[in-house]
Amino acid sequence: MKQLLIAVVLTLWCQTTGYAQESKKITAEELKSWCYYLAGDEMKGRKNGSEEMVKAADFIAASFREAGLKPYSPETGYFQPYPIKGRNNVEIQERNVIGMLEGSDPALKDEWIVLSAHFDHIGIGKPVNGDSIFNGADDNATGTITVMALAKAFSQSRSRPGRSILFVAYSGEEMGLRGSRWFVEHPPVPLSQIKLNLNFEMEGESQTLGKNRYILTGFQFTEFANQLDQYNKGTGWEMARTYKSPAWIFMGSDNASLAIKREGDQAILNIPAFTLVTTDSISVIHKVTDEPQFQDYENMASLVAYAEGLV
């Protein structure tokens, strides 16, 4: 019995530390270069329907392809196209970017974990001190590159999760969660098979919470927080249970499209879906000062290692 216990402990230790060691291949410098591409001035704030959003989607799809993810569709590759009706009822075309990684457990691979982030922002607006580009570095290039990094980390890993994973980059979030709503209405796998959604937003600011800490919106609604507490032991990371950010942030990101469904006049909890953020401040949201040079890429690299082990 003692030998069995030692074997179990060693297995769990190797699983946790092994993921972290392998994920060190995802460096802060690599994350930084990706963020500077998505949130540089040349991308003009990644407004939905723009040429820059086409470039951003192509960039994400290329990273999924390099990671060896299976494309979303034989017809459209990694892209899930959909229409958005904007101002004056003018329709624009947008695309979600979706890659798939099959699980290793024959009994679990038909169950799915969704790792997601939105990659759109609000474009160009009224100048502030001569700057009119709303770069959207923390909101939400940092979340997008976290998903890209996790795809790369799993592709380099010696082991693979038992469940399958959908890596999803949504467009249309800034126009009312349009991309994630379309995803739920046209899912690549049956919704009943999606067991968890971890959505990533604003992973670059670490001063308000401190390093290696995060908020998980909506953790109160399921027992997932208890599983996190067990996993977090020895990782150096912890979840903040009290924070200043308003309660409505649970409904303010793409996790809400999966977490809530309507039955008549009632809104009920659906898929366990949460957004992970490393900040307790929304002061930079939709500001021209949300730029790549202000992000904490070392903390982000540590988060990628943490999140890979968690998944």
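Which residue in E3 does Lys70 stand opposite? Lys70 stands opposite Met100. The structure is a predicted model, in which local features need pLDDT of at least 70, side-chain atom pairs count only at pLDDT 80 or more, and totals for chains, interfaces and linings use all residues. Residues are numbered from 1 along each chain as its sequence is written, and side-chain values use heavy atoms, with hydrogens and water left out.

**Confidence**

- The protein has an average pLDDT of 91, and 92% of the residues score at least 70; pLDDT is the predictor's confidence in each residue, from 0 to 100.
- Over residues 1-23 pLDDT stays under 50, and the model has 19 contacts beyond four places in sequence for them; a contact means heavy atoms within 4.5 Å.
- Where pLDDT is low, the predicted coordinates should not be read in detail.

**Strand pairing**

- Helices (H or I, at least four residues) and strands (E, at least two) are DSSP runs numbered from the N terminus, and two strands pair if DSSP finds at least two bridges between them.
- Strand E1 (residues 70-71) pairs with strand E3 (residues 91-101) in the antiparallel sense, over two bridges.
- Strand E2 (residues 79-85) runs antiparallel to E3 and is joined to it by seven bridges, with Tyr82 opposite Glu94 in E3.
- Five residues lie between the strands in the hairpin of E2 and E3, where Asn88 takes a positive phi near 55 degrees.
- E3 is also joined to E7 by five bridges, in an antiparallel arrangement, and Leu101 has Ile165 as its bridge partner in E7.
- Ser164 belongs to strand E7 (residues 164-170).
- Ser164 counts as buried because its relative accessibility is 1%; buried means under 20% relative accessible area, exposed over 50%, and partly exposed in between (1.4 Å probe, protein chains only).
- Beyond four places in sequence, Ser164 touches residues including Leu101, Glu102, Gly103 and Trp112.

- A nonpolar core is a set of buried Ala, Val, Leu, Ile, Met, Phe, Trp, Tyr and Cys residues joined through side-chain atoms within 4.5 Å.
- The largest nonpolar core has 60 residues, of which Leu31, Phe64, Val97, Leu115, Phe167, Leu198 and Leu216 touch the most other members.
- Helix H4 (residues 137-156) gives the most to this core, with ten residues.
- Another core lies apart from it and has 16 residues, among them Ile98, Met100, Val114 and Tyr170.
- Of the 20 residues of H4, 17 are buried.
- H4 reaches 26 Å from its first C-alpha to its last, close to the 28 Å expected at 1.5 Å a residue; the expected span is 1.5 Å times one less than the number of residues.
- Leu31 is in contact with Ile26, Ile145, Ala149, Tyr297, Met300 and Ala301, leaving aside neighbours within four places in sequence.

**The loop between E13 and H8**

- Asp290 lies in the loop between strand E13 (273-277) and helix H8 (297-310), and Asp296 is in the loop between E13 and H8 as well.
- Asp290 is buried, with a relative accessible area of 3%, and Asp296 counts as buried at 16% relative accessibility.
- The side chain of Asp290 reaches the backbone nitrogen of Asp138 at 2.7 Å.
- Asp290 and Ala39 are 251 residues apart in sequence, yet 8.9 Å apart in space from C-alpha to C-alpha.
- The side chain of Asp296 reaches the backbone nitrogen of Glu298 at 3.3 Å.
- Not counting residues up to four places away in sequence, Asp296 touches Gly204, Ser206 and Lys211.

Definitions and conventions: Polar contact = N/O pair within 3.5 Å; in protein donor to acceptor, adjacent residues only side chain to side chain.
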